[in-house]
Amino acid sequence: MSDQLPDSGRQETVSALPHLGSFQSMRSEFPLIGIFGGTFDPIHYGHLRVAEEIAETISLRELRFVPAGVPRLRCAPAASLQHRAAIVRIAIRGNSRFVLDEREVRRHGVSYSVESLRELRREMRERAILCFVIGADAFMKLAEWHSWRELFGLCHFIIVARPGYALASNLPQELEEECAQRWVSSADSLKYTSSGLVFIAPTTLLDISATTIRAHIAAGKSVRYLMPDEALDYIAANHLYSGEG
Ligand SMILES: Nc1ncnc2c1ncn2[C@@H]1O[C@H](COP(=O)(O)OP(=O)(O)OP(=O)(O)O)[C@@H](O)[C@H]1O
Ligand SMILES: O=C(O)c1ccc[n+]([C@@H]2O[C@H](COP(=O)([O-])O)[C@@H](O)[C@H]2O)c1
């Protein structure tokens with residue numbers, strides 16, 4: 001028997017996949033690994049709560065937070081990549097499933113998710129199933145990402161709803177067409193093929209954004225209970241987002 005899971009073909013549905021039974025028995029050999037990419041300028045409870053719920057719902061072995069070094073399709077972050085990564089490290093401390101993955105911090109130039117996913121697939125020697133966690137706002141722009149169609153051959157997508165973003169009716173046409181045969185309604189389906197499926201995870205809607213946090217700090221307003229206290233202590237100690245840094 002092959003030690004690799006098959007990639008799902010573009011038009012393949014889960015119910016059409018062959019050899020379903022044998023993959024079921026291989027679940028423990030091929031763990032699900034979550035990849036949560038973000039600018040994290042800074043990370044907040046919107047990210048952390050969603051990450052915790054997804055890790056539980058789809059039984060992730062681990063969830064890697066991957067701060068973008070030089071993010072695409074947006075303005076330069078307010079905090080340096082070293083500070084943003086340090087805040088993530090502090091915020092996830094104590095959660096044994098959460099891991100900081102600094103590959104995009106170390107890489108020079110713009111951060112392309114496709115490069116990170118290719119690397120991860122190589123490192124795991126195809127013996128893990130990668131699940132890219134993404135908010136509905138970011139997913140709607142997926143067709144603007146570098147080599148975006150290749151992503152479906154590297155990972156599944158786990159979409160999380162965000163207040164103010166109605167996903168279903170608003171996908172650009174080429175993305176909608178690409179996803180047409182990829183939607184699955186059960187987290188269990190993700191275990192039977194290595195990539196190419198799209199699942200909307202049921203998570204708590206939290207109307208928290210890094211933009212609001214940065215604006216509050218700059219205005220001298222409290223951001224307590226929007227992110228972990230220890231992360232806030234780091235931000236204060238390093239005068240981040242206050243306009244003094
Ligand atoms: N409150 C939230 N609930 C669910 N997903 C979120 C939330 N905040 C961010 N995300 C998702 O997390 C990923 C990384 O987000 P990012 O680091 O850009 O945070 P942000 O709060 O959207 O930042 P900014 O306000 O600076 O744009 C994206 O896929 C985004 O959609
Ligand atoms: O690879 C790309 O072209 C690409 C373009 C835009 C965003 N991304 C990734 O999407 C994730 C969320 O990005 P953002 O800007 O919403 O924080 C983060 O991991 C980014 O690196 C990736």
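Ile 158 has Phe 199 in E7 as its bridge partner. The two strands involved, E5 (residues 156–160) and E7 (residues 198–201), run parallel and are joined by four bridges. Strands here are DSSP runs of E with at least two residues, helices are runs of H or I with at least four, and both are numbered from the N terminus; two strands pair if DSSP finds at least two bridges between them. Phe 199 in E7 also stands opposite Val 184, and strand E6 (residues 183–184) pairs with E7 in the parallel sense over two bridges.

A word on the model before we visit the ligands. It is a predicted one, in which local features need pLDDT of at least 70 and side-chain atom pairs count only at pLDDT 80 or more, while totals for chains, interfaces and linings use all residues. Residues are numbered from 1 along each chain as its sequence is written, and chains are lettered from A and ligands numbered from 1 in the order in which they are written.

Let's turn to ligand 1. It is surrounded by 18 residues, where a residue is near a molecule if its C-beta atom, placed from the backbone, lies within 6 Å of it. Gly 38, Gly 46, Gly 135, Ala 210 and Thr 211 are the closest. Helix H2 (45–57), strand E4 (129–135), helix H6 (136–139) and helix H9 (210–218) each give two or more residues to this shell, and H2 has the largest share, with three.

Ligand 2 has 16 residues around it, with Gly 37, Thr 39, Ala 68, Trp 145 and His 146 coming nearest. Strand E1 (32–38) and helix H5 (113–123) supply at least two residues each.
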